Amino acid sequence: MTKEYNQVPGRIFDIQRYSIHDGPGIRTIVFIKGCFLRCRWCCNPESQRYDIEELTMNGKTRVVGEDTTVGAVMTEVLKDMPYYRRSGGGLTLSGGECLFQADFSAALLLAAHENQLNTAIESTAFSKFERIEKLLPELDYFLMDIKHTNSAKHKAFTGVPNELILENARKVAEDGRAQLIIRVPTIPGFNDTPAEIRDIARFAATLPGVKKLHLLPYHRLGQDKYSGLGRDYTLTEILPPSKEHMQELLDVAVRASGLDCQIGG
Amino acid sequence: MVHIANDHIKKSPRIQRLIDHLYAKLPVVEADRAVLLTESYRSSEGDPIIIRRAKAFDHICRHIPIIIRPEELIVGSASQAPRGCQVFPEYSFEWLESEFDTMETREADPFHIEEDTKRTLHEVYKYWKGRTTSELATSYMAPEALLAIEHNMFTPGNYFYNGIGHVTVCYGRIITEGLESIKRQAAEALLECHFGDGDYARRSHFLQAVIAATEAACVYAERYSELARQEASRETDPVRRAELEVIASNCARVPRYGARNFYEACQSFWFIQMLLQMESSGHSISPGRFDQYMYPFYKKDLDAGKITPESAQELMDCIWIKLNDLNKIRDAASAKGFAGYSLFQNLIAGGQTPDGRDATNDLSYMCIEASMHVLLPQPSFSVRVWNGSPQEFLMRAAELTRTGIGLPAYYNDEVIIPALLSRGLTMEDARDYNIIGCVEPQKAGKTDGWHDAAFYNMCRPLELVFSNGVDKGVQVGLQTGDVTAFRTFDEFYDAYKKQQNYMLSLLVNADNAIDVAHAERCPLPFLSGMIEDCIGRGKSVQEGGAVYNFTGPQGFGIANMADSLYAIKTLVYEQHKLSMADLRDALAANYGKERTPEEAQEVAVEVARALAADGVTLTEAQVRKLYETARTGGLSEEQRAKYQAIHGMLEEVPKFGNDIAEVDAFARDVAYTYTRPLQNFMNPRGGHYQAGLYPVSANVPLGAQTGATPDGRYAGTPVADGVSPSAGRDTHGPTASANSVSRLDHYIASNGTLFNMKFHPSALAGREGLANFVALIRSYFDQKGSHMQFNVVSRETLIDAQKHPENYRSLVVRVAGYSALFTTLSRSLQDDIINRTEQTSM
């Protein structure tokens, strides 16, 4: 394989095989290093900075971040070819934020398509649209977070306002090449009231072509990593939402949007 | 009208009541069979053995107490008590007698036994001293083989102490034509015997025995007809009376004659299945392709409007329950290895017809449904998968997996059919295979596979290489030379192969001795009538009457050996980071691991006791010193640190199960050191040996007898299970693990391979979850894996994983948005998941 795109360099921090909740079928997720946002609930805080850093957990220190190439990543991804073929799965880029390294991400998606894998990204959509446009030609599923319709609150909890995100959501929807799926990380104390979910669902319903909305209940997966990075976790007081509460929010989302809504990815 | 592939059939309320009745009390040991058997044997001294066996079976069938349990639709019970068991002194009895007083309180599979039964059996057993198969087998074995067994190099325990079982008879033929057709065939063959034939004596007596034993089975069923008629006449509830009258009519007809409808077919099946286990104590007597041989009866009745899917389902559910009514007591040690009162009656659905079309039918779905309705361990339910299997069928099977009962197991036609062809089966027979017991494929009604012939621990020969063939001070293996003197890895590897080949020859010696003992002391005329070509050849299954004859011992510890030899190859011979002498010492010292106070106490007590027996008494100070030495292994801190460092070094070597092509290719070669030499051996029935790679649950008790291994495994801990990677060594998730396992050669292990995976129920959530799960199975099978089974984890498992993360490093759970490796999660998150499992578990 001497395809040019294989040489494109990038920085990742993990590759996770057998992912079955981030796009159709059995997938491999490549986690891209670096993010524009600083969401307080982020379960992968080690993904946020572009710099290679050290994470200490359970007494063991490991280096987070690896400089690699599209070719090297694809060698790993293609090991599960039999599973993609049988399940209709493929490659998902997550992060961090894949738009943070748009050229690398675009090359990965192209490489996946060249190998007959379908492609997905999980993204905040917080970037200039030119970066998104680099990915769209080879993108099948865009799993986009819409966290809040109130820009001030959005900024307070993620570090950035939401106008650009909402604008990009509309542009991606109107472009129509990638199937857009709206995801809402449901965080107690941030966006878990019926009114907040209703507003997000209403917005999602206005996007042309959008059919699905996922409510992702808050979990504490990343909590221990913060101290491992020498950082503070500011959401220590909150607990994952109850099953009943999630069900109530799901009903609200369905009524407000008329979309195919579900809890979890 | 239900559409079987899309809709579930409701469970009849009778089913739960039958289950509750079955499980109300502890199972009971009963003496009736043993008494009748012994009475008959006492009166037939001097007769040919095959005639004595037929007479004894006849005596049992005519006189053993019979019972119809409340609300039963399918009748025929081997014991008066629900889930009771008869005993089989003709195979062995000493162990049972010595456990009379502990069997009720033991941890694994307890049984109740009346004082009266103990006295009766005690009397019976006086007759059997010196007459059992196990005693004869022992006297036939080479001293070297006996020594190897004593040193736990392998364990041929199953058939040493019990009947063989592990067979599937021609159910379809008997249900359709009746046992009369067997009798007729034997009678015709008898007419063909000429007085001057060289084998007249054996042949004619064998055929007479088949006729007598087959008639005995018919008589047994007719006793049930009479009992049902009597009960009907006393019954006040008109509904139940009508049911009993139908039962009486069914039992008057089958299995003597061909079944006329689905209900009779079910009853006929059950009598055969049950009586096979009355004739001999072998387990794994497997119903096989129930959906295939029962379907014509179902279809005919359904088309004629005589049954509905619901009424047929109720009858099938009743059979599923009856399969749990049969029981077997094992000795305390074996009960641990086979825990769960399991009889391994394997029933399989789906797959291909003998002419290569998809065989899935409505009954295939209803078999899954029956397992969902009863949620009991029997039958050991299996599903055949091939490229033409309907997706809906596999989705339904996956739904059963999701319940967490560990059923079904999935089998790959695309590997098993060619594997059987390579063993000499015809294409039609290979396509018609079913599974025996755990994972062993064969053609029903034509095979004596002797599957499960011995547990063979691949780690033990490696220990012998390090000790120059000595185990506990005794020369058990070959003298392959000083382990530090091998100059290249190939020399070392050759020594391993030599020890292995020698142990295999001893294993074969032991198995063949047992095989001959069964032929001489316990030929089975009832079974033999239902296995082709016993009547044609004029000899029993045990003497080689079957068309296909095999012996299949099961090896385990493949992953440990692959990892161990790979570590030696790289660290000792390629990188020269570790000397063989240091490795040898580290293994002997169990990597410097300290014993727990309990273990140390046990060792100290044992040593003190041995010394006391020799007349040496120790002072308190000496005992304390002994305990201290036992705890530390007598190592200095420096030595301990050195051995622990060696352990650390070994841990870093790449391991099988992580999709590393080089390591996996090496593992494939290591497996060949067992599978290839074995296939050159022959058994006394004229058949070949064929390897299996599966452990039942013996990898735990046999691991306890195995010292530290160079893969970093500590002494006494379990060895790897089947073809699965060593517990916790596969850290790259299920696809990586499956890719590695698929790189072993599953075709050559034609006695079956076993690959176990653990999942959290959420991985199978929703239709999408089921579809992805089916895709995982199909993808592993695309890569030519042979078998897969799944443990959908319970809350208890997760709690155990918190305590022993080292055993669960590959356990995948779903965490909110995605799946993750459980042991990598924080404690609090693990707790979240455990709580969630409780909510969603069924």
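**A tour of chains A and B**

Start by selecting B:Asn590, in the loop between helix H26 (580-588) and helix H27 (597-613) of chain B. Helices here are DSSP runs of H or I with at least four residues, strands are runs of E with at least two, and both are numbered from the N terminus. This is a predicted model: local features need pLDDT of at least 70, side-chain atom pairs count only at pLDDT 80 or more, and totals for chains, interfaces and linings use all residues. Residues are numbered from 1 along each chain as its sequence is written, chains are lettered from A and ligands numbered from 1 in the order written, and side-chain values use heavy atoms, without hydrogens or water.

Stay on B:Asn590. Its phi is near 50°, a positive value in a residue other than glycine. Most residues other than glycine have a negative phi. B:Asn590 counts as buried because its relative accessibility is 17% (buried is under 20%, exposed over 50%, partly exposed in between; 1.4 Å probe, protein chains only).

Next, select B:Leu375, in the loop between helix H17 (362-374) and strand S3 (380-385) of chain B. Its phi is near 45°, also positive. At 42% relative accessibility, B:Leu375 is partly exposed.

Now pick B:Val254 and B:Pro255. The peptide bond between them is cis, with omega near 5°.

Finish where the chains meet. Here 33 residues of chain B are in contact with 27 of chain A (heavy atoms within 4.5 Å). Select A:Arg17 and B:Asp659: their side chains form a salt bridge at 2.6 Å, N to O (a side-chain nitrogen of Lys or Arg within 4 Å of a carboxyl oxygen of Asp or Glu).
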